[in-house]
Amino acid sequence: MARKPIIAGNWKMNNNKAQAKELMDGILYGISQLDASKMPEVVVAPTYTALWQVYDLIKNEPKVKLAAQNVNPNPKGAYTGEVSLDMLNDFKVKYVIIGHSERRQMFAESDEFINQKALAILSEGLIPIICCGETLEQREAGVTDEHLKNQITKAFNNISASDAKKSVIAYEPIWAIGTGKSCDAKEANRTIGQIRKVIADLYNQETADNIRILYGGSVKPSTIVEQMAQPEIDGGLIGGASLIAESFIDLIKGAMTDEHAVV
Ligand code: PGA
């Protein structure tokens with residue numbers, strides 16, 4: 001089956017207005033030099049404050065899709081500091097990142113809350129990028145697969161097979177995020193294969209064969225080609241290396257079909 005790869009840049013809490021414009025201008029120029037037919041789906045996730053501007057810059061560029069880094073699952077009301085799906089719809093946001101370990105750990109987001117977000121996102125016709133991943137302690141204790149199964153099972157609670165099929169999962173080992181220490185590509189492939197098996201058990205093989213599962217955690221231009229060569233890895237969710245236009249373009253090149261660029 002052909003799953004279209006995704007290269008998604010998670011800008012996290014970086015880039016003011018001028019910096020967001022400079023980065024987007026660089027990405028758009030780089031993309032204009034590439035063969036569109038071989039490109040992965042390119043996604044950028046700016047901060048809320050840069051959404052309007054990035055939306056405006058890419059509105060005539062169908063090769064780049066917008067993601068939000070978070071959303072509140074409630075439709076509206078007294079949720080100070082939060083942003084709704086209705087608001088994201090103003091900017092034609094296609095994807096929403098949820099369950100990122102930074103939100104789980106620093107903002108105490110529970111599996112149940114992440115599931116509520118996933119359900120709300122899908123009911124509005126957007127697509128969740130559902131993150132999961134183990135700590136170093138869990139990996140060393142040999143409980144990685146069990147932990148991921150638990151996170152995935154809870155995140156997909158009450159989600160239909162047709163909605164699950166459209167969703168995106170990002171496997172991001174916490175010990176690899178922002179550390180410069182990417183998970184070995186073969187091990188990431190094995191782990192993602194296990195996640196796909198969880199989806200097959202929860203739903204069916206067809207859903208598991210269609211759902212796209214990305215790897216995230218210190219993905220760099222020097223690691224992407226080997227990562228993309230793994231059959232289970234459908235792309236990358238990238239933080240640090242997505243903040244420099246040249247490096248983000250190199251990541252896109254590394255995920256191009258037929259012609260893995262020399263980077
Ligand atoms: P990193 O972040 O690429 O900087 O490790 C990835 C992520 O947290 O999504």
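A cavity is a set of points, on a 1 Å grid over the protein atoms alone, where a 1.4 Å probe fits but cannot get out. Grid points are joined across faces, edges and corners, and a volume is the space filled by probe spheres set on the points. This is a predicted model: local features need pLDDT of at least 70, side-chain atom pairs count only at pLDDT 80 or more, and totals for chains, interfaces and linings use all residues. Residues are numbered from 1 along each chain as its sequence is written, and side-chain values use heavy atoms, without hydrogens and water.

**Stop 1: the cavity.** The whole structure holds 1 cavity of 30 Å³ or more. The largest cavity has a volume of about 50 Å³. Select its lining (residues with an atom within 4 Å of a point): Gly99, His100, Ser101, Arg104, Cys131, Cys132, Gly133, Gln151, Glu172, Ile174 and Ile177. Helix H4 (101-106) and strand S5 (127-132) each give two or more residues. Helices (H or I, at least four residues) and strands (E, at least two) are DSSP runs, numbered from the N terminus.

**Stop 2: the pocket.** A pocket is an open set with protein on both sides within 12 Å along at least five of seven lines. The largest pocket has about 410 Å³ of space. Of its 14 lining residues, select Lys12, Met13, Gln69, Arg103 and Phe107, the closest to its centre. H4 gives the most to this lining, with 3 residues.

**Stop 3: a helix pair.** Show H1 (residues 17-32) and H12 (residues 245-254). Which residues of H12 make the contact (heavy atoms within 4.5 Å) with H1? They are Ala245, Phe248, Ile249 and Ile252.

Key:
Axes fitted to C-alpha atoms, helices over the stretch in contact; angles between N-to-C directions. Contact = heavy atoms within 4.5 Å.
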